[in-house]
Amino acid sequence: MDSSVHPRFPFIESELRSFHGQAADTPTTISQEMEYINTIGKRFVAAIDRFHVHRALLAALQERYGLAACCILLKGDPFELFIIPCHPLSTSFLEEMFQKIASAAHVIDFPLVSAEQLANSAYFDAPDEVVEYRTQEDIEGAQIGSVLNIPLTIENRIIGMLSLFDVVVGAFDTNLLKLTSMIADYAAVALENTRLRERETALWRQAEHERQRLELIINSMAEGLLITDAQGAIVSLNQFARCLLAQAKIDFQTAMPLREVAKKSNVLWLHQLANVIDQGLMGKTAMNQELMASGRQEIVPLTLSISVAPLHDVSGKRILPIGVVAVLNDVTSTKQVEQLKDEFISVVSHELRTPLTAIKGYTQHLIRRLERRLRKARTTQPEVTPSVTDLPENYDLHSLYVMQSQTEHLERLVNDLLDRSRMRENQFTLEYTTFYFADLLAECVRLAQASAEQHTFSFIIQQQNTQVVADRTRVSQVIGNILDNAVKYSPQGGEVVVRLEEWEGNYLVSVMDQGIGVSPELFDHIFERFYRIHNTASREYAGIGLGLFVAKAIVDGHGGKIWLTNNQHGIGTTFHFTIPRKPSSKGDAS
Amino acid sequence: MPLMFDDSSSIPQEQVTEAYLKAIHLIDERVAPLLGKATTRVLVQVAAKHVMDRYPFLYFFAKMPYAEIVPSVMREQLSGVTAKELSAGLDALLDECFAGLRELTGDLIAPPLYDEVLHQLEQTQ
């Protein structure tokens, strides 16, 4: 076996001399020293992965030692152990190596690890070019003669341990220890760099994988998705959005803001889209904005529903959004269904109107005839017994009143449906006349009371002069719808208070019931068409969800307001609406 | 133990502490250029863990870097400990440090340094 100290680099001789106090700092020695340090430094810097670091380490160490093996134990969870043999090693040699590494690791505060654990996890990195030939006898007979363990440190932090093994006893020299330690420092930095590079690569791969996954999801979405920058130029859009927007025949990949693209285009809906995007750029969230992406002349025009939300900087330092994310839904088929439904409702309500008019007319005729007959009986035969109130005609008259009230209720439903159709076709108009609001309210209350025996209606007027210029029929419709609801949603009966007062120059009507009430979160939805409160979707509360929608349209048409509040004691609801005394100069009727 | 003060009871606790802290600094002075600055710190911490069963009052050597330990800190921690006990504990700590150093580098550093430390301690008695 060779001597373990192999000063193959001339400088190493000089280092030995300098340790012994001999003059070594000659220019030649310094030059050699720098060349040596430069050479090993370059090897470590050039190492692109940990295996290159192992080669650089081995090359540097073999300049001076005839090693059997060097090992690198790195901290971590799990720890890593690399065995870099310089020639084949026997099993017993390896076992002894693991034992010594485990003991030394314990000294520098490694988590407790056994030789067996080290053996099971060790990774052998034996490059062919450094493996020297050994006979079987040499391999089997080899035993550890010398061990040197040097902590691998980065900025005073121990990241692992370099262990050198040789078969020769006393192979490691005190005088070479400092240089060996320097090589270990190089190796530590190179290994840490490699670890950071591996981590960076792993993170990059993970990020790339996530990006691809996200792209796949976005492109598979049944909705269109587009993202703009802070100027409103489209920076990303998925396949569905691309198809939807392809109809504009515009290259959306240009860096031009959508607003500018729209200005140069004669595609109308592009302006609408730009408007919605602009809302997002101003920091607003817009939900379900409808946009007709083809001509209205088409039977079923392509209709898109767009929702936009501003994208804010993650740091939160920018006040304005850095872009907008928009989701586009093709709601054409929904619109088609709605159109069919509207047409059907229009036809059915027209068809119902005719027989209803006849029923109402004949009911009214019968009521008048019976009223006349009873009046006559009262005046001509006062002595007849039983009394007039017990006559069968009297019961018939009561039945006819109920019929009249229910017919009017039915008429209101049909009128609501017809009004809904008119509104859709922009044919909803108001016919203004002058009348007394109090008279109208009293009549409505009388009719409501006639068909609601469980309820007690009271009417409070806090106003002397109640003259108003409005559409009497329509206002009556509003009151009728609200009273209907008051009765319907208080099935146990109770009091219904109707109040008329002046409020900010308008008439304010309030209808307070003692019914089931409305959750505050539903206040905004209750005036939507066909909207019905979920807990009332039973037969107990029959209805079509149009009454309040129509009422709001009528009140809005008059320039008034309609809203609701829950009563203070938690029982029931109060609906309020205002009607101006007369139409404003701008003309509210439309 | 060869490093132990012969008649510790007659020596103030502060003097014992100071002597051993100086000894550790001497070890660091010699070891740091060869094995890096972190090595002595870790050697002392691991050594403290080993002797804590016998000398629990030395636990703070395991908790904090020895460089942050000054006699005033030790005084706070060592109330009720006699100078003799303290000397024995610190002696055991140094022994463990040298054992660790031998585990790492064999006889390359430990024997001459041991002699040097022993000499320094003898000077302080």
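The paragraphs below lead through a predicted model, from the fold of chain A to its interface with chain B and then to a few individual residues.

Chain A has 590 residues, of which 43% count as buried, and its secondary structure comes to 15 helices and 17 strands. If one considers the contacts in chain A with a separation of 6 or more, 65% of them are accounted for by residues 24 or more positions apart.

The interface between the two chains can be taken next. Chain B and chain A bury about 1,700 Å² between them, and 64% of that area lies on carbon and sulfur atoms. Within the area that chain B buries against chain A, B:L34, B:L104 and B:L108 supply 35%, which is more than any other three residues. The contact takes 22 residues from chain A and 18 residues from chain B.

Polar and charged interactions also cross this interface. Six residue pairs are found in polar contact between chain B and chain A, with both residues of each pair at pLDDT 80 or more, and the count of salt bridges between the two chains is one. In that salt bridge the side chains of A:D109 and B:K49 meet, at 3.0 Å from N to O. On the side of chain B that touches chain A, the elements that give two or more residues are α1 (13–35), α2 (37–51) and α5 (83–105) of chain B. The largest share of that side, nine residues, comes from α2(B). Sorted by class, the side of chain B that touches chain A has ten nonpolar, four polar and four charged residues.

An α-helix has 3.6 residues a turn, so residues three or four places apart point the same way.

Back in chain A, the residue A:R474 is found in helix α14 (residues 472–488). Is this arginine, A:R474, buried or exposed? A:R474 counts as buried because its relative accessibility is 12%, which falls under the 20% cut-off. The side chain of A:R474 is joined to that of A:D419 by a polar contact of 2.6 Å. Leaving aside residues up to four places away in sequence, A:R474 touches A:D419, A:R422, A:F428, A:T429, A:L430, A:I554 and A:H558.

A search of the whole structure finds 13 aromatic pairs over all chains. One of them, formed by A:F527 and A:F575, is edge-to-face, with 6.4 Å centre to centre and 85 degrees between the planes. This pair links distant parts of the chain, since A:F527 lies in the loop between β15 (506–512) and α15 (547–558) of chain A while A:F575 lies in strand β17 (residues 573–580), 48 residues apart. Both A:F527 and A:F575 are buried. Elsewhere in chain A, ring pairs link A:F51, A:F82 and A:Y123 into a cluster.

Conventions
Residues are numbered from 1 along each chain as its sequence is written. Chains are lettered from A and ligands numbered from 1 in the order in which they are written. This is a predicted model: local features need pLDDT of at least 70, side-chain atom pairs count only at pLDDT 80 or more; totals for chains, interfaces and linings use all residues. Side-chain values use heavy atoms; hydrogens and water are left out. Helices (H or I, at least four residues) and strands (E, at least two) are DSSP runs, numbered from the N terminus. Buried means under 20% relative accessible area, exposed over 50%, partly exposed in between (1.4 Å probe, protein chains only). A polar contact is a pair of N or O atoms within 3.5 Å; within protein, one must be able to donate a hydrogen and the other to accept it, and residues adjacent in sequence count only if both atoms are side-chain atoms. Contact means heavy atoms within 4.5 Å. Buried area is the accessible area (1.4 Å probe) that two parts lose on being put together, summed over both. A salt bridge is a side-chain nitrogen of Lys or Arg within 4 Å of a carboxyl oxygen of Asp or Glu. Ala, Val, Leu, Ile, Met, Phe, Trp, Tyr, Cys and Pro count as nonpolar, Asp, Glu, Lys and Arg as charged, and the others, Gly among them, as polar. Rings of Phe, Tyr and Trp (its six-membered ring) pair if their centres lie within 6.5 Å; planes under 30 degrees apart count as stacked, over 60 as edge-to-face and the rest as tilted.
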